[in-house]
Amino acid sequence: MTGRRVVSIFLPHLSMERWKRVMEQTGAAPPDDLPAAMVAEGQHGPVIHDTNRAARLAGVQRGARVTDMKALLPDLRVEYADIVGDRHAMEQLMFWVRRWCPWSVQDGPDGLVLDTTGSDHLWGGEVAMLADMEAAFSGLGLTAQIALAPTWGAAWALARYGTVRSICPEGEIAQKLSPLPAEALRLNNGTVTLLRRLGLKTIGALADVPRLSLTRRFVKAKLNENPVIRLDQAMGRTAEPVSSPDAAPSFRAHARLPEPIMDPTPFMPDLCRELCDQMEAQGYGCRRLLLTVYHTDGDTHRIDVAMSVHSRDPDHLLYLFRDKLDAINPGYGFDLITLDAGQTEQMQVVQAHLEGRADETVDLSRLIDRLTARFGVRSVSKPALRESHVPERAQNWVAALHGAGDTTEAVAAERPIRLLSHPEEVRVLYAVPKGPPVQFIWRRQTHKVTRYAGPERIAPEWWHDMPGTRLRDYFKVEDHAGRRFWLYRQGLHGDGRGGDPRWFVHGMFA
């Protein structure tokens, strides 16, 4: 546990504040001095889910039965909480808070966790970053209790039971957490009640108990019932991962705007250039880009583009957004734009040709990217080799952005440059039953064979060889006009798998 900085954001009144915002938009918001509560279904009927300030001052408590609170406060206004809407709002906020760092996750129904390690300098330091977070949530009409600490557990405890915008420096976790109540360790109610009966009301009192005694008492307890593990997580003695240790380096460019705008187009060249400079400095390229605009009303809009090969060319990346920015709904405007690189991978630096000739593969990959960005992923495809001797099974078509494709080596034997999707049957005249045709009629034209090579027998895979399947003998033939065809005979005379052999044209050579 060195150098990690974790921010915990607690939204204690999300449900009430969302309802109040909707009421204000419809002009039906109650006065601030009128007690109001959001309720949800409990085991024995409706219970208090959230309250406004007037109700809290009047003694209305969360988790209490609505009938009891109505008896205490008859003027209490009761509305059912939008639990599903609250959950959806938290999912949206989980992405919205990534304006401050590249990683965030939801922490329960009313909390968020951000890994801001190395991100605070972009916002003027940790104090300024927390103040900016609080102001941003206030602009959304939400009350946010925020804390920053070296561990997830410590940040969670300080956000809910610490001072305003509490910051815990490295090495001061025990001192900061000592006066906080035991429930700040993310323990369930039963464990907290038990600790209180034992006289362990604070984290400091719990930390002073001999470790062996606590371990024996809670050795079989679950995570949210085990104060020993929770204490170790908060103090940093037990790892509580907040990101993958072997994750590839993340690359992000952002434009923080002094006032809301409606069109991100003027900022895109600088964002692409900055992102490519970051990747080039570490020798990386990306195959996916994610553009995110953060609206002032708390909403986000994302645009995703992909590439066939890894790239860090700013002009090429900018072109991929050419026809997609118009799809952004500006709403009330957005004040932050971020550009993230996805599917990053180290790129090998390839020496250019000595004569200055361009690399054709680069131009092809750019063409694929632009066509895909213009017409969609399903509209651009490419052939991919498959391990099969049967010609029509030797390749299939996949999306052009599917990656490098199958690395199966091509068949060594000569194959036609054009293979028909479905072999076309022809009428033949041959001198020897097992030999090549002397002439054949295909598409109402007669072709006299002047040269041939073969036969080449191709059998189906043994797991596809059904009873009655006839073998194929392929011939490369040239007609009197110099045209070269790939014909095959299906079956043999007397093979016991059908009548007379049938002939088909399967492809044409150059």
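This is a predicted model: local features need pLDDT of at least 70, side-chain atom pairs count only at pLDDT 80 or more; totals for chains, interfaces and linings use all residues.
Colleague: Hi! Which residue forms a salt bridge with Asp304?

Modeller: Arg288 does, with the closest N and O atoms 2.5 Å apart. A salt bridge here is a side-chain nitrogen of Lys or Arg within 4 Å of a carboxyl oxygen of Asp or Glu. The pair links distant parts of the chain, with Asp304 in strand E11 (residues 300-311) and Arg288 in strand E10 (residues 284-295), 16 residues apart. Helices (H or I, at least four residues) and strands (E, at least two) are DSSP runs, numbered from the N terminus.

Colleague: How many salt bridges does the structure hold?

Modeller: There are 21. One of them joins Glu134 to Arg165, whose closest N and O atoms are 2.2 Å apart. Glu134 belongs to helix H5 (residues 126-139), whereas Arg165 sits 31 residues away in the loop between helix H6 (152-161) and strand E8 (166-167). Glu134 is partly exposed at 24%, and Arg165 is partly exposed at 35%.

Colleague: What does Arg252 pair with?

Modeller: With Asp340, at 2.9 Å from N to O. Arg252 lies in strand E9 (residues 252-261) and Asp340 in strand E12 (residues 334-342), so the bridge ties together parts that are 88 residues apart in sequence. Arg252 is buried at 16%, and Asp340 is buried at 15%.

Colleague: New topic: where is Ser166, and what does it contact?

Modeller: Ser166 is in strand E8 and is buried, with a relative accessible area of 5%. Leaving aside neighbours within four places in sequence, Ser166 is in contact (heavy atoms within 4.5 Å) with Leu130, Ile146, Ala147, Leu148 and Leu158.

Colleague: Leu158, you say. Which residues touch the most other members of the largest nonpolar core?

Modeller: Leu158, Leu177, Leu180, Leu185, Leu195 and Ile203, out of 30 residues in that core. Such a core is a set of buried Ala, Val, Leu, Ile, Met, Phe, Trp, Tyr and Cys residues joined through side-chain atoms within 4.5 Å. Elements giving two or more residues to it include strand E1 (6-10), strand E7 (145-149), H6 and helix H8 (189-197). H6 provides the largest share, six residues.

Colleague: And what does Leu185 touch?

Modeller: Not counting residues up to four places away in sequence, Leu185 touches Ile203, Leu206, Pro227, Arg230, Leu231 and Ala234. There is also a second, separate core of 28 residues, which includes Cys276, Met307, Leu320 and Ile337.

Colleague: Last one: at what angle do H1 and H4 pack?

Modeller: Helix H1 (residues 14-26) and helix H4 (residues 83-96) pack at about 100°, with their axes 10 Å apart. Axes are lines fitted to C-alpha atoms over the stretch in contact, and angles run from 0 to 180 degrees between N-to-C directions. H1 and H4 are therefore roughly perpendicular (65 to 115 degrees). Leu14, Ser15 and Arg18 in H1 meet Gly85, Asp86, Ala89 and Met90 in H4.

Definitions and conventions
Residues are numbered from 1 along each chain as its sequence is written. Side-chain values use heavy atoms; hydrogens and water are left out. Buried means under 20% relative accessible area, exposed over 50%, partly exposed in between (1.4 Å probe, protein chains only). Angles under 35 degrees count as roughly parallel, over 145 as roughly antiparallel, 65 to 115 as roughly perpendicular and the rest as oblique.
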